[in-house]
Amino acid sequence: MTDAVSAPEPDRRPPPANPGESANTGLVVAVRGSVVDVSFETRLPSIHTVLRAGPQRQIVIEVLAQRDAHQVRGIALTPTQGLARGMVVEDTGGPLKAPVGEGILGRMFDVFGNAIDCQPTPTRIQWRCVHQAPPPLARRSTKSEVFATGIKVIDVLMPLERGGKAGLFGGAGVGKTVLLTEMIHNMIGHQDGVSLFCGIGERCREGEELYREMKDAGVLPNMVMVFAQMNEPPGSRFRIGHAALTMAEYFRDDEHRDVLLLIDNIFRFIQAGMEVSGLMGQMPSRLGYQPTMGTELAGLEERIANTATGAITSIQAVYVPADDFTDPAAVHTFSHLSASIVLSRKRASEGLFPAIDPLQSSSKMVTPGIVGERHYALARDIRRTLAQYAELKDIIAMLGLEQLTPADRNLVARARRLERFLTQPFFTTEQFTGLSGKLVSLEDALDGCERILNDEFKDLPEAALYMIGSVNEAKAKAKLQEKTP
């Protein structure tokens with residue numbers, strides 16, 4: 001996967017924007033890491049223009065600033081080894097472009113639109129600029145629909161919105177990528193539209209595993225993958241999200257299909273922007289982030305929208321540095337989302353997977369007008385029960401469960417059973433846990449929670465409700481545990 005990124009092939013590139021014009025060339029003035037200053041005598045390239053240098057035109061530079069009447073400063077999207085002062089730079093006359101069309105389905109691409117899946121060059125494609133404006137408000141749909149995932153805790157307490165943006169927040173190693181992969185597995189079979197996976201600054205191992213899993217599941221023909229790995233220059237990681245959105249917009253606007261856009265990891269996009277900003281010499285703001293972080297993130301997020309003809313539904317993993325949710329990257333991302341799913345290290349340490357904290361997570365969809373009166377009332381009761389249990393934990397730790405009133409003891413038993421029922425075995429972790437994955441409908445999940453709140457399972461051990469699908473499996477599991485010595 002890395003070879004194709006470091007040496008993009010010239011014959012795969014889209015034609016120049018103005019093929020009739022004579023080639024505009026300049027000379028390299030300075031090279032500082034990924035930042036390149038280029039001097040042009042005749043015509044100065046505009047912002048976002050792509051420049052090419054090197055013996056095979058393999059070094060790609062995007063113009064980010066015009067320093068004076070003859071000099072531009074750009075960021076290299078490829079490694080700059082071999083680039084030296086005085087080398088000739090060619091102005092392509094146009095911005096960075098991404099391939100769109102039916103030919104990209106089932107394929108894996110890098111930021112330049114090169115196929116990196118060892119397959120022939122895709123045909124039946126067009127090239128489109130990656131810098132597009134968000135759809136205007138007049139074209140956006142105002143209808144709210146729930147997007148089912150088959151994961152109990154998400155569908156009951158923080159349902160996703162069709163055409164909305166959901167964030168999976170968490171520090172390192174709490175299960176963001178596993179949860180994202182499980183959502184792909186659950187949705188992709190039931191989703192009629194196109195699924196698009198965008199890997200920003202992640203490991204090549206994850207991309208290779210995902211490609212193999214999707215191929216084995218037989219869902220690759222309706223999926224597109226784009227990757228900029230963590231070993232690539234910051235400019236490449238910064239632009240891969242725009243390339244992925246350009247592809248998604250084609251399916252939404254031209255093909256009128258629904259798109260499921262999965263991004264892993266949006267923090268790496270912000271981090272790449274921070275690196276680019278530092279290299280360009282901008283003064284950093286709080287905690288070292290770039291001063292333009294809010295604008296850059298909004299430019300990407302606002303393109304994810306629900307229109308009258310189709311919707312882009314996005315699920316984004318968001319790494320939270322040092323589990324600090326007041327970090328500017330997490331705060332800025334929160335403001336764009338319709339659902340925030342927070343993963344908790346404490347719940348992961350207790351073995352409650354998925355390790356979602358139901359009290360910190362939220363969704364704007366949980367209103368009686370959207371999910372219905374019964375679902376809304378149940379979600380409120382579950383949250384209240386779990387919140388009261390969280391308040392009693394300190395008393396239980398100091399004085400023991402016996403010191404609580406009978407009503408509080410019942411509440412604790414109810415909350416602990418709810419916590420265990422909201423765990424779920426995943427299809428993507430079967431090989432590690434030995435438990436077969438479960439897909440649970442919203443009706444089954446609501447029914448189970450309602451019956452637990454009504455104390456129907458108070459005589460069953462808590463373990464009988466742990467890692468099951470629908471609540472009906474609990475009694476069979478309890479009988480099996482009784483037989484097992």
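Colleague: Which residues is Leu179 in contact with, leaving aside its neighbours within four places in sequence?
Modeller: Keep in mind that this is a predicted model. Contact here means heavy atoms within 4.5 Å. With its neighbours within four places in sequence set aside, Leu179 is in contact with Ile151, Ile154, Leu168, Ile341, Leu343, Pro354, Ile356 and Phe426.

Colleague: Which residues touch the most other members of the largest nonpolar core?
Modeller: That core holds 64 residues.

Colleague: What phi does Cys118 have, and is the residue buried or exposed?
Modeller: Most residues other than glycine have a negative phi. Cys118, in the loop between strand E8 (108-109) and strand E9 (126-129), is not a glycine, yet its phi is positive, at about 60 degrees. Its relative accessibility is 79%, and over 50% counts as exposed, so Cys118 is exposed.

Colleague: Ala322 also has a positive phi. What is its relative accessibility?
Modeller: Ala322 has a phi of about 55 degrees although it is not a glycine. You'll find Ala322 in the loop between strand E16 (312-319) and helix H8 (328-334). It counts as exposed, because its relative accessibility is 72%.

Colleague: How many disulfides does a search of the whole structure find?
Modeller: The cysteine sulfur nearest to Cys118, that of Cys204, is 13 Å away. The sulfur of Cys129 is 16 Å from the closest one, in Cys198, so that is too far for a bond. The search over the whole structure gives zero.

Colleague: How far apart are the end C-alpha atoms of helix H4?
Modeller: H4 covers residues 204-217, which makes 14 residues. At 1.5 Å a residue, the helix should span 20 Å. The model agrees with that, because the end C-alpha atoms are separated by 20 Å.

Colleague: Which residues of H4 are buried, and what arc do they cover around the axis?
Modeller: The buried ones are Glu206, Gly207, Leu210, Tyr211 and Met214. An α-helix has 3.6 residues a turn, so residues three or four places apart point the same way. That fits with these residues being on the same side of H4, because their arc is only 130 degrees.

Colleague: Which strands stand at the edges of the open sheet of eight strands?
Modeller: The order is E8-E14-E13-E15-E16-E12-E17-E18, with mixed pairing. At one end, two bridges join E8 to E14 in parallel, and Phe109 has Val226 in E14 as its bridge partner. An edge strand has a single partner, so one of its sides is left without a neighbour in the sheet; that goes for E8 and E18.

Colleague: E1 and E3 both pair with E6. Which residue in E6 is the bridge partner of Ala53?
Modeller: Four bridges join strand E1 (residues 24-32) to strand E6 (residues 88-95), antiparallel, with Leu27 opposite Val88. Strand E3 (residues 49-53) is also joined to E6 by four bridges and runs antiparallel to it. In that pair, the partner of Ala53 is Val89.

Colleague: What separates the C-alpha atoms of Val36 and Val72?
Modeller: Val36 lies in strand E2 (residues 35-39) and is buried, with a relative accessible area of 0%. Its contacts include Val28, Ile61, Val72 and Leu83. Val36 and Val72 are 36 residues apart along the chain, while their C-alpha atoms are separated by 8.4 Å.

Notes:
Residues are numbered from 1 along each chain as its sequence is written. This is a predicted model: local features need pLDDT of at least 70, side-chain atom pairs count only at pLDDT 80 or more; totals for chains, interfaces and linings use all residues. Side-chain values use heavy atoms; hydrogens and water are left out. Buried means under 20% relative accessible area, exposed over 50%, partly exposed in between (1.4 Å probe, protein chains only). A nonpolar core is a set of buried Ala, Val, Leu, Ile, Met, Phe, Trp, Tyr and Cys residues joined through side-chain atoms within 4.5 Å. A disulfide is a pair of cysteine sulfur atoms within 2.5 Å. The expected span of a helix is 1.5 Å times one less than its number of residues. The arc is that of the directions from the helix axis to the C-beta atoms. Two strands pair if DSSP finds at least two bridges between them.
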